[in-house]
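Subject: Structure handover

Hi,

Here is the structure for you to look at. My notes follow below it.

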Amino acid sequence: MKTFFTLACLIFGLTISAQIKFAASSDYSTVPVNSKIKVTYTLSGGNAETFTKPSFDGFQVLGQSSYSGSGGMQIIVNGQLVQSSPGESKWIFTLAPKSAGTYTIGPARVKVKGQTYSSNSVSITVTNSGSAVKSQGQTNNNTVQPDKNQPKQATSSGGKEVFMTAVPSKSSVYEGEQFTVSYRLYTRYDISQYGIEKTPSMDGFWTEELTDTKTAAKTWEETIDGKRYMVGEIRKVALIAQKAGTLSIPSLELEAIVQIPNQQNYNPFSIFDQFFKDPFGSSGIDPFAGFGTTTEKRKISSNPISISVRPLPEQGKPESFNGAVGTLEIETEVDRNKCFTGDAVVLRMKVSGNGNLPLIEYSEPGIPESFEWFDPDIIDDFKKTSDGISGTRTFEFLLQPTVPGDFTVTPSAFSFFNPSTGQYQSVELPEYKIKVLKGSGSNVSSEKMLNEDIRHIHENIPLLMLSSNTFSFSMLYWILVALLILAAAIILWYFRKRIQLKANVSEYRMHMAMRQARRRLKTAKTFLDQGKDEEYYTELSKALWLYLTDKFTIPFSELSLSNAKEILLRSNVPAEISEEFSKILDECEFTRFAPAAGRMSQKELYEKSADLIVKVQTHAAK
Amino acid sequence: MKTLSIILFSTLWFVSVAAIAQSQTPEEQFSNANALYNEKKYEEAVGQYNELLRSGYIKDEVYYNLGNALYRNNNAAAAIWCYEKCLLLNASHDDAAANLAFVNKTALGNQEVVPQNFFIMAWNWLSAQMSWQWWTYFFIIVLAVFLIVLILFLISASNKNRRIFFLTSVILFVVMILALAQSISGNYNIRHSKNAIVVNEAAQLRSSPDQDGTGVAMIQPGIKVHILEMKTPWLRVITPDGTQGWVPEESVVRLNAVSPLLME
């Protein structure tokens, strides 16, 4: 820790010339009319080719001077000691205000290597009476030696060797405006160790620590009252005032272990000098000089500061304003303009810039009623810079259309207050048309139903019956079931009966054919015995013919001598039997009308017929 | 004598008023209750619906409306009972199912449910297609068609027709048996349902059927439990998340009861 300042000092010395900086500062921000102020323009990191001074309206220029140095030096300007770092140029104007009021001294311009750089503007309030108020940010890299005749200088050592100051970047801010407070430790001694005892509670402010504790504090050197100090910015805080009024920030308390040298003329830069003069440590200076010190634990407090917070002006406040302050920009987008119900559409509103980003809230966009949506996701991308917090804050709205159709999403206008202009700014945002097609997921709407309320009562009067009177499973019901089965059984029985009947008739006739034939033959026999020839032949031929109709269920009218043989052959009766059967038939017919001419005897014909019927019966039955 | 006649007269008057009140038809009572509900007189509506049920008009719509009135009257657990009962009477009552899901979600949050096997799920799906009464009518229709096809099968002569009629009759027979089973089970459940709802207040589920049994879990009002065993005055129940334990009989109301509201 002992080498902390030494090392930091080294780095500082080497890197300062790398970047071009052109800044304006004044020693007082508020002065009485009869006093003088000094405005200093400092250019570092380059040599000016031209310098254009601003118009100092409202001021009388009492004197001006400029100098530039390529190496670290101290020069006397207007009788004042000015210290310069290597590569710095300064232009100093001594001004006397003409009358009371607030004045802004416009930026000066320099040209370095063909490029023009503008400084910042300086705002000065001139009061009719009262004392001067130190200017913020006055304790810059190099400080002008205070003028004994003027009011007390901003950075006052108070005669101490180690002290701390709190420097706000602005002493007067708007509500919601971001500014920083820098805590700087001034020391003429080595500080081996320090720790923050008590951080002030910053009531009324939103705060964010800007100092990264892992890296070394930013350091530089300053001369106050002719004494050289090492300065370390030990803490820097970004603040956003959340209410109007005069708010105070209490002091920060620090405990440091300070190495106080025994010699009175100890110079913290001796180590630095030693290092450059004799890097091998072979100089005449006692290398054990560090041992000639006393270690002391000291409590150091910074000065409390008060900030006057102005309320945001009511005049010109847009309706859509909801607290955004800063130099901001907004971008909006939707990720698709065509989707299906149940899909999600993302609406992004991205606010970027420098301002009270962490406190910005979303304003509800105009989303169609049939869309489901939830509070947006907030995605922050903040960067801590020495000027405070900047970056982006993105609001991501997830929209879920539930009904198909054409819809318009209208993000509400975004407005913010710009403290540097003191004006409200409003940005109109574009509308987005979204075409919703019917998706396959139908459960979206039913879920929506579920989320609302119970469904309404049913007001149609139902058929109110005593529960004991219900038809289902009543006696009547079972009777109906039984009747159905019974009816089916009856129908089935009826059909079966008819089929059976049909089958029976033909079978019966077949079955009875033989018996009928026998009976007829018997009758024929009696006719034969009685000698009634004609009746005998009639009965015999009847027996044969009717046998055929019964046996083969053929109508009698369809029978003839010619087809009888075919019918027999079709019914598997052998050919000779069929032949004989038709011969007998023929014989019967013939002898019926001419009995005397019979080729066979009456008896023989009878026996033959009986024999043939039995033969046909046995063959046809197969 | 005068006082007697006054007493007689006033008794008569009261009797006649009571008779008029009694003579209100159930349809009138139902629409009265609906009117009370629409006037946001939920407690009175609950009373009317309940009376209708107590008089024996056990109807799904009465339970549905009673459930709504109970829910509006901040008795979500009893409302759940009514919706369950309504679905028991008519498994295809969509609005009761929707309201049951809604009230379950608002009163109990998302419950963990033990998944059921495929056959039980298929059976439940089938029973949700129509009320058990419709299943009985459906059975009769299917029975009639089945008998016709069966007769056709038995009397048809050609083999091709016989095959078609046989297959059809087999399918119809299966459908018929399912319909009969559905209607019998629906009817049985109404009278003997083993499901019950915790109605009044959260009940302590105990490991054994006595007051000293170790507490297994608390069951919230509105939770549906299935009764596994009865040992008066204790019931062994299983909750939808699969926890088993004993609860006192009076802490639940079975779904075969007439009303979730205990008799005063």
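One caution before the findings: this is a predicted model.

Chain A to begin with. Of its 622 residues, 26% are buried. Chain A holds eight helices and 34 strands. Take the contacts in chain A with a separation of 6 or more: 75% of them join residues 24 or more positions apart.

Next, the interface. Here 33 residues of chain B are in contact with 26 residues of chain A. H8(B) gives the largest share, nine residues. By class, this side of chain B has 18 nonpolar, 10 polar and five charged residues.

H4(B) also packs within its own chain. Its axis and that of helix H5 (residues 76-89) of chain B come within 8 Å and cross at roughly 165°. Angles over 145 degrees count as roughly antiparallel, so H4(B) and H5(B) are roughly antiparallel to each other. Their crossing is left-handed.

Residues in that contact:
- From H4(B): B:Asp60, B:Tyr63, B:Tyr64, B:Leu66, B:Gly67, B:Leu70 and B:Tyr71.
- From H5(B): B:Ala76, B:Ala78, B:Ala79, B:Cys82, B:Tyr83, B:Lys85, B:Cys86 and B:Leu89.

By class, the H4(B)–H5(B) contact has 12 nonpolar, one polar and two charged residues.

Best wishes

Methods: Residues are numbered from 1 along each chain as its sequence is written. Chains are lettered from A and ligands numbered from 1 in the order in which they are written. This is a predicted model: local features need pLDDT of at least 70, side-chain atom pairs count only at pLDDT 80 or more; totals for chains, interfaces and linings use all residues. Two residues are in contact if their C-beta atoms, placed from the backbone, lie within 7 Å. Helices (H or I, at least four residues) and strands (E, at least two) are DSSP runs, numbered from the N terminus. Ala, Val, Leu, Ile, Met, Phe, Trp, Tyr, Cys and Pro count as nonpolar, Asp, Glu, Lys and Arg as charged, and the others, Gly among them, as polar. A residue is buried if 20 or more other C-beta atoms lie within 10 Å of its own, exposed if 12 or fewer, and partly exposed in between; C-beta atoms are placed from the backbone. Axes are lines fitted to C-alpha atoms, for helices over the stretch in contact, and angles run from 0 to 180 degrees between N-to-C directions. Angles under 35 degrees count as roughly parallel, over 145 as roughly antiparallel, 65 to 115 as roughly perpendicular and the rest as oblique. A crossing is left-handed if the near helix is turned anticlockwise from the far one by less than a right angle, and right-handed if clockwise.
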